[in-house]
Amino acid sequence: MRLKSTLENYLFILPAVVIFSVFYIIPFFYVFMLGFTDWDGIMPAWNWVGMGNFKEIILQDPNWWQSMLNAGWITVIALTFQNILAFLLAWACDREIRLKNFYRVIFFIPPVLSEIVVGMVWRFIINDVDGANMINRTLTQIGLPNLVHNWLSDPKTALTTVAIVHSWKGFGWGFLLFLAGLQTIPRELYEAARVDGANAWQSFKNVTIPLMIPVIVLVAILTVLGTMQAFALIIGLVGGELAGHTSVPVLRILASMRGSSRFGYACAQAITFGVVLIVISFIQYRFSKKAKA
Amino acid sequence: MKTTMYYKTKKIAINVLIHAFLISVAITCVYPLLWMVSSSLKTQSTVFSDPSLIPKQINFMNYYLAVKEGNFGKYFLNSIFYTSSVVFGIVIISSLAAYAFSRLRFPGQNIIFALFLAAMMIPIPGSFVALYVLLNKLHLRNTPIGYILCMINVGLSTSIFLLKTFFDKMPKELEDAARIDGCSKFGIWWHVALPLAKPVLAVLVVFNALNVWNEYILALIIFDSRQFMPLQVALQTFQGEFVTNYPLLMAGLTITALPIIIVYLLMQKYIIKGVTQGAVVG
């Protein structure tokens, strides 16, 4: 009777455990195994190459490190421009402002759209086709024709343009989290600061910021993890790696797998990238603990 | 008197500035989408000559072409099918597991739950490489069921976690009453736990639906046959074929984005709640 009951309990988790094992745990170890082989994804035979793939990634693959730097640059813009914008908007909305819900709904529209859709729509808005480029046309109209530029096809501006569109798509997340955080700050604290003679800036610096540190760290971690792994936006926006100028790690992994049929190498890249991500979030976590203490 | 006037004016000025800031950002959020819809209603020649947001001549030809030539009707139905199957699967499978983790006792319980939790935390950015290989071996690549199972797995851990948190806080009395009435464990899950969990289930349904509808990379590597492709992947082939026909492409994009925007506007309460709750979890 006891045994039957326990078996019945296992039935509840059986479907979840089966799917999770087949589609998460097995692939997880599979990636680790294949990373040490030279498998091409087609032939049944493959050889162990030991650390060969990792040596090649670290020592002989400048394209890989370029893609890492590119993702890093997009992340820097997301951490600064995107998150500061999100914070300012949240702070503005927190001031007992009318239409707070309206803004909240509008600002979260870009995050619910897919990266492909966002990329393609913005490509149409800032593409190089004469006449259809809304940004360039506006620049001409407001009397700044020397700023007209092929934003997406010029290697110098392509990556930063990608980063700004990425920020457009992503700031709504930070905004919602910052606003939720700001609303938990008791109003009495602001009141007390005002009675003590603090001006708006002082109460922002001495009341708002210290209490918001945990939320700021959380948003920073989510931003870094999300931005480093973003890639579909780039496919929608510029069609791909643009000869390395807009390549990011996931696009590199995809290229190793589909372009050059080097599955083993693709897995080694995936492991390297996963380790980098874990290290980054660990450092940020430690940093946040220090900030709290 | 003078100073109060000064402060009042200053306050009004600050409020005007703040609103101007908020409104201008709100406009940049909405404008590209209005531009997308508006361009989809223009023709190849008027899209360049008529820059206004409301087209002088409204023309639905692009939608007809997208469905007829671009096969967007089929892709749309594929996306609907994948989204509803995956969401249904996640709701059933994750609620069963979450209920067991919260209410039932069995050996290994904590370890298995910890594994699900770890999966939620550890990013594996290259898992698609392994999934490709695995699905090939199982002869599930280029099949709808292979894609659906992969996507159920994607949403599983977080859904189990959110539901378990809810079940942990749920009062036990109702379940005890059902048990005394002779209800089986599965009966209690179905008749008591699931109906009570409706608010959490709503959040899960919306989030997973958005996630599946917008998913790209797995669909890209799993499907070779066009007949199985969902919208996000089909858009790319579509763009390749009609590369300079912007109004037609914008019609395709509108078909892809509009359902999401409508669902979002209807369910925004749950989405905004979910984001703030989910962040506390993570």
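Let's start inside chain B of this predicted model, where helix α5 (residues 109-121) of chain B packs on helix α7 (residues 144-169) of chain B at about 120°, the two axes being 9 Å apart. An angle like that makes α5(B) oblique to α7(B), and the crossing is left-handed. If you want to find the contact on screen, look on the α5(B) side for F116(B), L117(B), A119(B) and M120(B), which meet S157(B), T158(B), I160(B) and F161(B) of α7(B). Sorted by class, the residues of this contact come out as six nonpolar and two polar, with no charged ones.

Further along chain B there's another helix pair to look at. Helix α8 (residues 173-180) of chain B and helix α9 (residues 185-196) of chain B have axes that come within 10 Å and cross at roughly 140°. That again makes the pair oblique, α8(B) to α9(B), but here the crossing is right-handed. From α8(B), the residues taking part are L174(B), E175(B), A178(B) and R179(B), and they meet I188(B), H191(B) and V192(B) from α9(B). The make-up of this contact is four nonpolar, one polar and two charged residues.

Now for a pair that spans the two chains. Helix α1 (residues 2-34) of chain A meets helix α6 (residues 127-137) of chain B, with axes that come within 9 Å and cross at roughly 105°. The cut-off for roughly perpendicular runs from 65 to 115 degrees, so α1(A) and α6(B) count as roughly perpendicular to each other. Chain A brings F23(A), I26(A), P27(A), Y30(A) and V31(A) to this contact, while chain B brings S127(B), V129(B), A130(B), L131(B), V133(B) and L134(B). Ten of the residues there are nonpolar, one is polar and none is charged.

| Helix pair | Angle between axes | Distance between axes |
|---|---|---|
| α5(B) and α7(B) | about 120° | 9 Å |
| α8(B) and α9(B) | roughly 140° | within 10 Å |
| α1(A) and α6(B) | roughly 105° | within 9 Å |

Stepping back to the whole interface, how many residues of chain B are in contact with chain A? The count is 66 residues of chain B, against 65 residues of chain A. Which helix gives the most to chain B's side? That's helix α13 (residues 246-281) of chain B, with 15 residues. The side of chain B that touches chain A is made up of 52 nonpolar, twelve polar and two charged residues.

Chain B also has a domain assignment, which gives domain 1 (2-49) and domain 2 (71-241). Taken over C-alpha atoms, the centres of those two domains of chain B are 39 Å apart.

Finally, a word on confidence. Overall, the model scores ipTM 0.89 and pTM 0.91. Chain A has a mean pLDDT of 88, with 96% of its residues at 70 or more; chain B has a mean of 89, with 97% of its residues at 70 or more. Within chain A, confidence is lowest in helix α7 (residues 134-141) of chain A, at a mean of 76, and highest in helix α5 (residues 109-112) of chain A, at 95. Among the elements of chain B, the lowest mean pLDDT, 76, belongs to helix α2 (residues 46-49) of chain B, and the highest, 96, to helix α4 (residues 72-103) of chain B.

Terms used. Residues are numbered from 1 along each chain as its sequence is written. Chains are lettered from A and ligands numbered from 1 in the order in which they are written. This is a predicted model: local features need pLDDT of at least 70, side-chain atom pairs count only at pLDDT 80 or more; totals for chains, interfaces and linings use all residues. Domain bounds come from an automatic or database domain assignment. Two residues are in contact if their C-beta atoms, placed from the backbone, lie within 7 Å. Helices (H or I, at least four residues) and strands (E, at least two) are DSSP runs, numbered from the N terminus. Ala, Val, Leu, Ile, Met, Phe, Trp, Tyr, Cys and Pro count as nonpolar, Asp, Glu, Lys and Arg as charged, and the others, Gly among them, as polar. Axes are lines fitted to C-alpha atoms, for helices over the stretch in contact, and angles run from 0 to 180 degrees between N-to-C directions. Angles under 35 degrees count as roughly parallel, over 145 as roughly antiparallel, 65 to 115 as roughly perpendicular and the rest as oblique. A crossing is left-handed if the near helix is turned anticlockwise from the far one by less than a right angle, and right-handed if clockwise. pLDDT is the predictor's confidence in each residue, from 0 to 100.
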